[in-house]
Amino acid sequence: MKIFGKFFGFITGLCILLCMLIAACAFRPDFSREIADFLFPEKRESIAVEAGGEPPAGDAVAAKGKEDKTEEGSSDHRRDAESAKAEKSGEEKDVERMSAEERAGMEEEISSDYAAPDIAEIVTPEKVSGRNGYQQIEGEQEQVDESAAREIQNRLDTGYTGDGLEFDPLYYPYYAMLNEKGRHVYRQIYANANELYPEFAPAEMVTAGELRNIFAAVYNDHPELFWMETAYAGKFTGNGGCVEIDLKFNRTARDLESAQALFDENAEEILGAANDLADDYDKEKFVHDALIERLDYRMGAAMNQSAYSALVNDETVCAGYARAFQYLMQQLDIPCYYCTGYAGESHAWNIIGLEDGWYNVDTTWDDTGDGTYDYFNRSDADYADSHVRQEMSVYLPSCDGEVYRGLEQTSEDGLRSLEETGVTQDKVFADLQGYYADCYEQIVQNGKGDYTFYSVIEGEEMLDTWYGEYQNRRYREAYMDSAMEEIGAYSCEIRFEVEQLQEGRYLIRHNVRFG
């Protein structure tokens, strides 16, 4: 009986242990994978190879010729889930920080002070409506079986790996956003694009999501690669590992030497004069004006996502304006980034670094009439009613420079009109009571957090009265205390920016933080 009792106790204990193990696997799938890796290490190793391990060694140039895979214009590509998500309309796209899944291949910790405004509040001024045209990155994804994967690995090498290349984060911020594995594949894509080497095995095992971010980083950082399309393709095994990367080139790749000569010649026409100027701001303004003078906005322009369309063909869309401006600034040793997002439609503009900080520049929207400076060297607060960054661009530096902000005036009297600000007539007030009531309503509507709201007041006399009210902090009693109580806020920070408008009006930006 004692033996039977011990045996029964052993069986009971084993059952309890198995139940605990099953429960752990149910709640922690990664735990079950770790057990499988421990029990079957040979299976784990074989999966790693099929997912994109080291391809056969060999000299890249000797093993594979520079195959011409040029394309004119855009092709219809079957988008993977990552690309489809990225190509949602602006109204549907989440403009907050990218999710962990979307940030595949990027650094764990990426910081930026940029706060995306509410996309529902974006207003496109009538005179620039439709002046967009940015095309998001298109990644074609094809799944292959084990047999096809082995054939690809036997056929392809890694091409030019880019080992030894370095990219200064000040000038190439998207490179700095990637983790070490992502940077390795970034250098490889850059090197192969430079050599017109269209098909190669990845130097690291990457997923579809990682590859999309890495490709976007290369494309966004390097406007000089004007022959590279916004589209690419990848082949993946069933477990998600990439075994082949295919780059797409536009028609300039057919005779790149001649195309490069034309590109350099046209760029030098601007750079030669800009280099003679004294400081970075003068150089920036000169390039801004030169592009506006020579370019025509045309949606159907050939290769309109490239700097080539702007500097050689003299007609392009927002992407071409932005990439030409970025390239020229880079050549002048001034940090300038390609920024993409939403401005009524998908849109591209620039972020530039000057002595005291960062500024937004939108040469496309400044190219109206005889040319303006309405969107030249503006802060994020200035752009909050018209531009929203998206995808990796949200991690670019926030734009809060002041020294070079709004130095150039464009309207007849040097002031913007109410219509140009995007503020509607119902936000214009001739008395403080109406202004205070509107401030209260906007705070209650937006609640706690960091944001900016706008009002316009009429006349210099009211401006003086408004200023006195805030100097004496009477605005707290007028609306702030009751608004804070309504939204449950215990602390408040508020900063004002005042801009004089046409017709004796003043735009007030309220930059607030409620906690």
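Here are a few notes on one strand and its neighbours, and then on a pair of helices, in this predicted model.

1. Start with strand S7, which covers residues 336-342. Is it buried or exposed? Seven of its seven residues are buried, so the rest of the structure largely encloses this strand. Here, "buried" means under 20% relative accessible area.

2. Next, look at who S7 pairs with. One partner is strand S8 (residues 346-354), and the two run antiparallel, joined by seven bridges.

3. Now follow the chain from S7 into S8. The two strands make a hairpin, with three residues between them. Which residue in the turn has a positive phi? That's Gly-344, at about 90 degrees.

4. To locate it, find Gly-341, which sits opposite Arg-389 of S11.

5. Moving on to the helices: H17 (residues 432-446) and H18 (residues 460-471) have axes that come within 11 Å and cross at roughly 55 degrees. Because of that angle, H17 counts as oblique to H18. The crossing is right-handed.

6. What makes the contact between these two helices? H17 brings Leu-432, Tyr-435 and Tyr-436, while H18 brings Met-462, Thr-465, Trp-466, Glu-469 and Tyr-470. Sorted by type, the contact residues of H17 and H18 come out as six nonpolar, one polar and one charged.

How values were computed. Residues numbered from 1 in each chain as written. Predicted model: local features only at pLDDT ≥ 70, side-chain atom pairs only at ≥ 80, totals over all residues. Heavy atoms only, no water. Buried < 20%, exposed > 50% of the residue type's maximum accessible area, 1.4 Å probe, protein only. Helix = DSSP H or I, 4+ residues; strand = E, 2+ residues; numbered from the N terminus. Pairing = 2+ DSSP bridges. Axes fitted to C-alpha atoms, helices over the stretch in contact; angles between N-to-C directions. Parallel < 35°, antiparallel > 145°, perpendicular 65-115°, else oblique. Left-handed = near helix turned anticlockwise from the far one by under 90°. Contact = heavy atoms within 4.5 Å. Nonpolar A, V, L, I, M, F, W, Y, C, P; charged D, E, K, R; others polar.
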